[in-house]
Amino acid sequence: MTAAATVPGIGWPRRFGKALPVSLWAFLLLTPAFVSLASVSFYPIINGLYLSLTNTSLITQENEFSGFSNYVQLWGDAQFWNAWWHTMWFTTASTILETVIGLGMALILCEAFKGRGLVRAAMLVPWAMPTVVTSKMFGWLFDGQNGIINYILLHAGLIDQNVNWYGSPDTAMTTIIIADVWKTTPFMALLLLTGLQTVPNSLIEAARMDGAKGWITFWYIRLPLLMPTLLIAGLFRALDAFRVFDLVYVLTGGGPADSTETLSTLSYKVLFSTLQFGYGSAVSTAMFVTEGIIALVFCLYLIRQIRRAQ
Amino acid sequence: MTDIKKGPVSGSKPAAHVTIADRRQFLIGSAGLLGAAALGLSTGLGVRRARAQSRAEISFASAAFFGKETFGDLIKAFNESQDRVLVKNIELPPPSSSTEVYQSLVQQLARRTGTPDVFSQDVIWIAGFAAAGWALPLDEYFPADKRSAYFSGTLNACTYDGKLTALPWFMDSGMFYYRKDVLEKHGGKVPENWADMATIAAAAQKAGDVDFGYLWQGKQAEVLVCDAVEIITSNNGAILAPDGKSSLINQKAAVDAIQFLHDTINGTKISPQDVLSWDEEPSRQPFTSGKAMFMRNWSYVYPIAQDAKASQIVDKVGVAPLPSFPGGKSSACLGGYQLGVNANSKQREAAIELLTWLSSTETQHRIALNFGLAPTRPALFQDEKIKAEQPFMASLEKVFTGATARPITPEYAKVTLALQSGISKALVSGNVQAEMDALAAQIDQIVG
């Protein structure tokens, strides 16, 4: 097969190579990939940006260019800022918790112990579960009447009457964050575990020979070497957490009193319930911009870390 | 498509259905093939030829409901009942995915191509479709004398800007469930006003007969708007002014009504904190497991409450119109799907013929028996067969008489989001007047 294919094959690129400059040839080969990527990735983004500058609405049948009026409206929209702050809070809280707990889990799983393979596999179960299933499950765990969390807390004497976790603005968001932490920490642990395994064992052994205790080894050897992985994992998680939709949609629908409304649920409501495609696209674009800023901050920090390491 | 797909329990004679359908398919398909040869034969059977060649072809789109048959079967029955119109059934997602049904209808109607010619719509979309000019005004086809056969609340919801733009089809509404056995111990009389309801509920709760006095739905969702419409209207209040251009939700009647809902949790304590995160199903569960005395919910609860496998309260459940405030009238939030004709339909006469047939006494009768969906014609509630087969439905006439539409405005989708958020805030914080003022300002901006 190879022999038969290469013999005539040798002549072909050369002959074409003479007819076409090398760079053009490369572009030609890249075109299919570029076109398919552009049609599914760039076009929707550009179209979304354009829609956000129009007053398109399926209901009123308007579809005209309206400049930045959607953004002016957005700037003064209390609903939007309410959702923005909730999303930021959710992102920050869940990313930090998941990173810290995930790091702890990764450190444990890095050690050799009996049944480690099984534990590593079992750990991934929460992450592999569909979010809607997780949501329903946490709905029941934290149920105000029959939830096991209330039952345990009540019998441990920590609360004196059932708490309605999803019905009070003070607890609804926290409960959603807990559900997200449960679900996604294994993912962080897995990413950090691969990072930990790249830390050369010889360094740790050398430190031990010098008499360094566990904590010192971690703080001065493992953590600095893990930093790039930690930042990239954190970036992944933050960008993902920022788009939180299913947990909120299933558990509270944004309530009570808008206390769990996030940008994803808000843009869903604006886009698909009220069919204001123009304004809804402006909300989505604002989301996109915020995500861009988050990514930028992480990247700048990452670059600084790498430079310092060099 | 639906011709092939069958409902869970399709008609009693599936074989017969298939044969008839196949024969027609064959007739249509072979009309061209057989051509001249067939002509001699079909001239002999003049009617047959007319059937195959000159029928007006229209389409019908509806959310998919299931029962002993499907809407596909219904359309098939219409096609077989006459030889002037041939209807193609377009099946949309089930009513539980109502956002998707809405989107799909909007997209099709906005193209203004005339497809679908006839469609069914949730009551809250009627004004929007009418204002966009997608729904054909039906006044000339259904004059006043024909309309009087329907519930007035439903007709009201089908009317936009003085024009009838939808025809009533089938309905549901909020209703008051009570526990007969517990009520017997506490006076035995179904409360007709909210204060009595609260007193009885509190007494039953105190006596330990039930855990909860009254269950309703306070989740920030569409159902909260329904609960609010009922209680506000029962105090002679309203969410929108009659002209639909301003909000009345910060007037005393509405504020007092919302305050009453807030008090059921924090004052009289007849409702648990949990109602703030409950929609229909979470509030139904404690009731059917015997933990609650009164509940506001839709008609779907009754069959569950009477099912010994799912319920602890079989034969102990009663249904009545919701209570009202002194000087007000009981009100029930209207739900259900109504019929509309596409204003761009190229086959208007045929569309009207289908519409008339679907909403006729006979078809509503069939829908009531085979789908369990309640008719919009009060007369049908006296029907012996419905009384025998759907005794619960037959008892709902009184409840449906008070059916009240949610705010009728083309901007309903925006108004409902504002209402859900504003009312939820008022219920959580207890600053009812302040939150209602803010909400009224927001609604004024949307509809003004």
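Me: Before anything else, what makes a residue count as buried?
Reply: A residue is buried if 20 or more other C-beta atoms lie within 10 Å of its own. With 12 or fewer it is exposed, and in between it is partly exposed. This is a predicted model.

Me: How many residues of helix α19(B) are buried?
Reply: In α19(B), 17 of the 18 residues are buried, so the helix is largely enclosed by the rest of the structure. From its first C-alpha to its last, α19(B) reaches 25 Å, close to the 26 Å expected at 1.5 Å a residue. Gly430(B) follows α19(B) and has a positive phi, near 85°.

Me: What share of chain B as a whole counts as buried?
Reply: Of its 448 residues, 50% count as buried. Chain B has 20 helices and 13 strands. Its contacts can also be sorted by separation in sequence: among those between residues at least 6 apart, 73% join residues at least 24 apart.

Me: Which residues of α14(A) are buried, and what covers them?
Reply: The buried residues of α14(A) include Phe277(A), Tyr279(A), Val283(A) and Met287(A). Their cover includes α2 (22-51), α3 (69-75), α4 (78-110) and α13 (263-273) of chain A.

Me: Which residues of chain A does UniProt list as "transmembrane region"?
Reply: The record, an unreviewed entry, lists residues 24-46, 88-109, 219-239 and 277-303 of chain A. An annotated span can then be compared with the coordinates. Residues 88-109 of chain A are 100% helix and 0% strand, with end C-alpha atoms 31 Å apart. Residues 277-303 of chain A are also 100% helix and 0% strand, and their end C-alpha atoms lie 38 Å apart.

Me: Where does UniProt place the domain feature "ABC transmembrane type-1"?
Reply: UniProt, again in an unreviewed entry, places that domain at residues 84-298 of chain A. In the model, the span is 75% helix and 0% strand, and its end C-alpha atoms lie 19 Å apart.

Me: How should I describe a helix pair such as α9(A) and α11(A)?
Reply: The axes of α9 (residues 172-197) and α11 (residues 214-242) of chain A come within 9 Å and cross at roughly 145°. The crossing of α9(A) and α11(A) is right-handed. Residues making the contact include Asp180(A), Met188(A) and Leu192(A) of α9(A), with Arg222(A), Leu226(A) and Arg237(A) among those of α11(A). By class, the contact has 8 nonpolar, 3 polar and 3 charged residues.

Me: Which residues have a positive phi although they are not glycines?
Reply: Asp258(A) is one of them, with phi of about 60°. Asp258(A) lies in the loop between α12 (246-251) and α13 of chain A. Asp258(A) counts as buried because it has 22 C-beta neighbours inside 10 Å. Asp315(B) is another, with phi of about 65°, in the loop between α13 (301-305) and β10 (317-320) of chain B. Asp315(B) has 10 C-beta neighbours inside 10 Å and so counts as exposed.

Me: Is the peptide bond from Thr115(B) to Pro116(B) cis or trans?
Reply: That bond is cis, with omega near -10°. Pro116(B) sits in the loop between α4 and β3 (118-122) of chain B.

How values were computed:
Residues numbered from 1 in each chain as written. Chains lettered and ligands numbered in written order. Predicted model: local features only at pLDDT ≥ 70, side-chain atom pairs only at ≥ 80, totals over all residues. Helix = DSSP H or I, 4+ residues; strand = E, 2+ residues; numbered from the N terminus. Contact = placed C-beta atoms within 7 Å. UniProt positions renumbered as here; feature names shortened; annotations may be inferred. Axes fitted to C-alpha atoms, helices over the stretch in contact; angles between N-to-C directions. Left-handed = near helix turned anticlockwise from the far one by under 90°. Nonpolar A, V, L, I, M, F, W, Y, C, P; charged D, E, K, R; others polar. Expected span 1.5 Å × (residues − 1).
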